[in-house]
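My entries follow the order in which I looked things up.

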Amino acid sequence: MTIAPKKQIKIAIIGAGPGGLAAAINFLRIPFVELSVFDQATELREVGAGISINENTWRHLQLLGAAQEIEQYSNRGDGNKIDGEHRNGRTGELLSRRFQSVNPDAPPRSRIQRYKLQRALLSRVPEDLIQLSKKLEKIEETAEGVTVAFTDGTKAGTFDLLIGADGIRSVVRQYAFPDHKLSYTGKVAYRTIIPASKVAHIKEIPPASTFWHTAKTHVYTDPLDEGLFEIATRASESEEHGKKVSWGQKVSKEQVIRHYDGYCETVRQIIAAPDEWLEFAMFGGPRLESVIHHDRIALLGDASHPLSGAFGSGAAFAFEDAHVLARAIQYAHNHNRSVGEALKLYDEIRSPHYKSLYSVLNEFADNAKEIEAISPPLEEDDMIAESTRRNWKTSNDWIYKYDVTKVWDESVKELETQQSFQDLTLEASQRKVAVEADVPQALVSA
Ligand SMILES: Cc1cc2nc3c(=O)[nH]c(=O)nc-3n(C[C@H](O)[C@H](O)[C@H](O)COP(=O)(O)OP(=O)(O)OC[C@H]3O[C@@H](n4cnc5c(N)ncnc54)[C@H](O)[C@@H]3O)c2cc1C
């Protein structure tokens with residue numbers, strides 16, 4: 001007797017940023033998946049200067065087969081090299097310092113230009129897979145699945161699974177959770193990459209990634225490879241201003257410089273070096289209780305957790321989402337389970353993780369309130385030292401070391417010990433036998 005072939009699953013990914021690309025690479029490896037990828041961009045290019053490659057980012061780049069593309073730019077240390085520093089932005093005083101790992105198997109800790117990350121991911125995806133100039137406008141659910149409509153008047157579908165990897169302003173999230181609202185955080189980021197020669201005359205620039213803190217904002221400096229130097233800052237700007245800024249808008253040096261008068265001479269000179277900056281208004285939103293909708297829609301990356309760039313590891317979070325979602329779809333398929341059951345598994349693993357990340361953010365907010373309330377009030381430099389000590393403590397390193405592949409393995413092991421799972425497996429195998437028995441004889445090959 002032949003066994004009815006397992007059904008193909010049609011999946012659409014909206015968005016080809018780090019999250020969508022990682023999901024695409026994962027799903028391309030699954031033979032029963034028919035994949036479509038759409039992005040609103042006319043061409044895929046990255047804005048926004050540098051991006052940190054943390055331990056978890058590196059792990060997934062290796063799993064995705066894209067690490068080789070990055071390795072040539074990374075700065076593998078021998079234990080003596082300074083990896084990162086925190087300094088008082090007003091005085092330049094060193095508050096803490098870490099060295100690169102001596103473990104030869106440890107991922108290289110590096111900062112790279114963002115486009116290189118995207119290029120590494122794109123190298124793993126067939127060129128014609130991503131359909132460009134497809135701005136998602138509308139989603140419709142029918143008994144058969146999900147269809148999508150784009151602003152150019154075209155439609156696609158029906159899909160068994162729609163993945164919203166469409167970033168912080170996700171249209172898919174808006175459809176699935178219409179009450180969820182983003183708001184302006186009151187902060188903008190100014191970012192740029194310049195030739196290192198432009199800051200070579202400035203004394204006392206640390207040779208590693210450095211956060212220069214004041215009570216309300218920070219400046220980040222990092223000598224990159226290829227003779228480049230990155231500066232990324234935060235500044236407070238009015239609500240009116242923040243709402244007008246488009247993502248990655250060019251601004252003059254005058255607009256930026258005025259925010260950093262209170263910083264030490266070294267930082268002021270660094271900030272004065274570039275002629276042009278890009279401005280990003282930071283928006284964020286509350287945590288979603290769940291990152292799935294109606295057994296057919298899953299949110300991934302910034303769409304699933306509008307954290308507003310907090311932790312500087314959003315690409316890794318998106319990679320983790322993509323890994324778990326693909327494993328869950330594969331697992332459910334192998335066990336005759338539905339896409340809906342796969343999504344539940346995905347949600348059960350990822351939502352608690354985001355809950356933990358949001359609680360770290362709440363802790364930051366509590367720290368700020370507690371430090372403000374200390375009596376007698378702390379001098380500004382003591383305040384900076386105290387908030388750096390509390391917010392950058394090594395006990396938050398779990399965020400960057402988090403290994404979702406182990407979490408996945410443990411979750412599956414736990415699931416398989418549950419009686420309800422065993423009952424369902426039995427039920428599914430009986431269902432399969434019943435389906436096979438129903439196959440018309442004419443279709444059964446000899
Ligand atoms: C200031 C700042 C600094 C950061 N620094 C770091 C860092 O150092 N390290 C790090 O790991 N992360 C960092 N992040 C976070 C990181 O950039 C994001 O988490 C990451 O890019 C998320 O990837 P994503 O694919 O989910 O979303 P995005 O990168 O936003 O990609 C979304 C994609 O969807 C497409 N899209 C959007 N809407 C539609 C639509 N309607 N229809 C079709 N396509 C659509 C977009 O064109 C885009 O290609 C930072 C973020 C900010 C804001």
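The notes below go from the whole chain to single residues.

**Ground rules**

I am working with a predicted model, where local features need pLDDT of at least 70, side-chain atom pairs count only at pLDDT 80 or more, and totals for chains, interfaces and linings use all residues. Residues are numbered from 1 along each chain as its sequence is written, and side-chain values use heavy atoms, with hydrogens and water left out.

**Overview**

I looked up the secondary structure and found 14 helices and 19 strands. Both are DSSP runs numbered from the N terminus: helices are H or I with at least four residues, strands are E with at least two. Buried residues make up 50% of the 446 residues. Buried means under 20% relative accessible area, exposed over 50%, and partly exposed in between, with a 1.4 Å probe and protein chains only. Then I checked contacts, defined as heavy atoms within 4.5 Å. Of those between residues at least 6 apart in sequence, 74% join residues at least 24 apart.

I started at H60, in helix α2 (residues 55–63). H60 is buried, because its relative accessible area is 2%. Leaving out residues up to four places away in sequence, H60 touches F319, E320, H323 and V404.

That took me to helix α9 (residues 314–334), whose axis comes within 8 Å of the α2 axis and crosses that axis at roughly 45°. Axes here are lines fitted to C-alpha atoms, for helices over the stretch in contact, and angles run from 0 to 180 degrees between N-to-C directions. The two helices are therefore oblique to each other. For the angle classes, under 35 degrees is roughly parallel, over 145 roughly antiparallel, 65 to 115 roughly perpendicular, and the rest oblique. α2 passes α9 in a left-handed crossing. Left-handed means that the near helix is turned anticlockwise from the far one by less than a right angle; right-handed means clockwise.

From α2, the contact uses N56, T57, H60, L61 and L63; from α9, A316, F317, F319, E320 and H323. By class, this contact has 5 nonpolar, 4 polar and 1 charged residues. Nonpolar covers Ala, Val, Leu, Ile, Met, Phe, Trp, Tyr, Cys and Pro; charged covers Asp, Glu, Lys and Arg; the others, Gly among them, are polar.

**α1 against α9**

Next I took helix α1 (residues 18–28), whose axis comes within 8 Å of the α9 axis, with a crossing at roughly 30°. That makes α1 roughly parallel to α9. The crossing is right-handed. P18, G19, A22, A23, N26 and F27 of α1 make the contact, with residues of α9 including A315, F319, A322, H323 and I329. The contact residues divide into 11 nonpolar, 3 polar and 1 charged.

How enclosed is α1 by the rest of the structure? It is largely enclosed, because 10 of its 11 residues are buried. Those buried residues pack against β1 (9–14), β2 (33–38), α4 (114–122), β7 (130–131), β11 (161–164) and α9.

**Cores**

I then listed nonpolar cores, meaning sets of buried Ala, Val, Leu, Ile, Met, Phe, Trp, Tyr and Cys residues joined through side-chain atoms within 4.5 Å. The largest has 76 residues, and F27, L61 and L117 have the most contacts inside it. α9 gives the most to this core, with 10 residues. I checked L61 beyond its neighbours within four places in sequence: L61 is in contact with I53, A66, A67, I70, L117, L121 and F319. Apart from that core lies another, of 24 residues, among them V188, V199, A273 and W277.

Most residues other than glycine have a negative phi, and most peptide bonds are trans. I noted these exceptions.

- The peptide bond from G157 to T158 is cis, with omega near 10°; T158 lies in strand β10 (residues 155–159).
- The S375 to P376 bond is cis too, with omega near -10°; P376 is in the loop between α10 (339–373) and α11 (380–391).
- S133 has a positive phi, near 55°, and is partly exposed, with a relative accessible area of 35%.
- D295 has a positive phi, near 60°, and lies in the loop between β18 (292–293) and β19 (297–299).
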